[in-house]
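Please walk through this model with the sequence and the coordinates side by side. The paragraphs below take up helix packing, strand pairing and charged contacts in turn.

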Amino acid sequence: MNIIIHPTYFPNTAHFVAMVKAKQVVYEVDDNFLKQTYRNRTYIYGANGKLALNIPVIHSQKNRQKYRDVKIFNEEKWQSLHWKSLLSAYRTSPFFEYYEDELFPLFNTKTDYILDYNFKCFETICSCLQLELNIAKTETYQKTAENKTDFRHLVNAKKEPIQNFDTYTQVFINKHGFIPNLSILDLLFNEGPNALNYLESQTLIIQ
């Protein structure tokens with residue numbers, strides 16, 4: 001199966017399940033940037049439950065911007081905030097220290113464009129998972145994908161598809177129960193080397 005999907009900020013479980021099962025992953029990079037999507041947002045499991053981490057971006061006031069052209073608003077100290085949030089949420093997880101050194105540079109080095117930053121995060125996660133994917137990128141935008149299963153709808157953070165993912169032990173599961181489809185970071189810090197096996201064993205409900 002060949003798929004087309006959006007590059008997102010530390011993709012959630014659904015994104016990764018789709019990708020690990022694909023023969024080829026084609027990344028949509030020629031679309032317009034839209035608000036309230038996973039392009040610049042990811043969710044983790046904090047002490048009070050589901051917590052959004054948002055990357056501030058510079059919006060054009062005139063015309064729609066292509067995803068590839070959107071810049072990060074680095075005047076805000078968002079990287080420091082995100083890292084502190086991850087420390088608070090996962091420092092007691094089984095595998096946080098195992099991946100900490102590999103992930104920390106992502107929160108300590110500035111990147112100008114959100115798409116470039118998302119690819120850096122994605123490449124780092126693939127390294128952590130020891131995952132090799134056959135990746136390609138779109139050259140033009142097509143509303144209807146040809147010869148590919150279209151998973152671009154998964155980018156919408158406001159329309160969460162219902163997925164029956166297996167539970168795994170999360171840091172605050174005794175407080176708030178299992179929260180599915182969080183950032184890949186949640187799975188990585190809690191499951192470590194078993195994270196890839198988990199992704200491969202899940203079934204994505206296509207709606």
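In which crossing, left-handed or right-handed, does helix 4 pass helix 6? The model is a predicted one, and in it the crossing of helix 4 with helix 6 is left-handed. Helix 4 covers residues 114-129 and helix 6 covers residues 184-191. Their axes lie 12 Å apart, and the packing angle is about 25°. Angles under 35 degrees count as roughly parallel, and the two helices are therefore roughly parallel to each other.

The residues that meet can be listed for each helix. Helix 4 contributes Ile125, Cys128 and Leu129, and these meet Ile184, Leu185 and Leu188 of helix 6. Sorted by class, this contact consists of six nonpolar residues, with no polar and no charged ones.

Next come the strands. Strands of a sheet pair through backbone hydrogen bonds, in either a parallel or an antiparallel way. Four strands in the order 7-2-1-8 make up an open sheet, and their pairing is parallel. Strand 7 (135-137) and strand 8 (149-150) are the edge strands, each pairing on one side only. Strand 2, residues 24-27, runs parallel to strand 7 and is joined to strand 7 by three bridges. Within this pairing, Lys137 in strand 7 is the residue opposite Tyr27.

Helix 1, formed by residues 13-20, lies across strand 1 (2-5) and strand 2. The direction of helix 1 makes an angle of about 150° with strand 1. Angles over 145 degrees count as roughly antiparallel, so helix 1 and strand 1 fall in that class.

The last topic is charge. There are four salt bridges in the structure. One of them is formed by Arg68 with Asp30, with 2.7 Å between the closest N and O atoms. Arg68 sits in the loop between strand 5 (57-58) and strand 6 (71-72), while Asp30 sits in the loop between strand 2 and strand 3 (41-46), so this pair ties together parts that are 38 residues apart in sequence.

How values were computed
Residues numbered from 1 in each chain as written. Predicted model: local features only at pLDDT ≥ 70, side-chain atom pairs only at ≥ 80, totals over all residues. Heavy atoms only, no water. Pairing = 2+ DSSP bridges. Contact = heavy atoms within 4.5 Å. Axes fitted to C-alpha atoms, helices over the stretch in contact; angles between N-to-C directions. Parallel < 35°, antiparallel > 145°, perpendicular 65-115°, else oblique. Left-handed = near helix turned anticlockwise from the far one by under 90°. Nonpolar A, V, L, I, M, F, W, Y, C, P; charged D, E, K, R; others polar. Salt bridge = Lys/Arg side-chain N within 4 Å of Asp/Glu carboxyl O.
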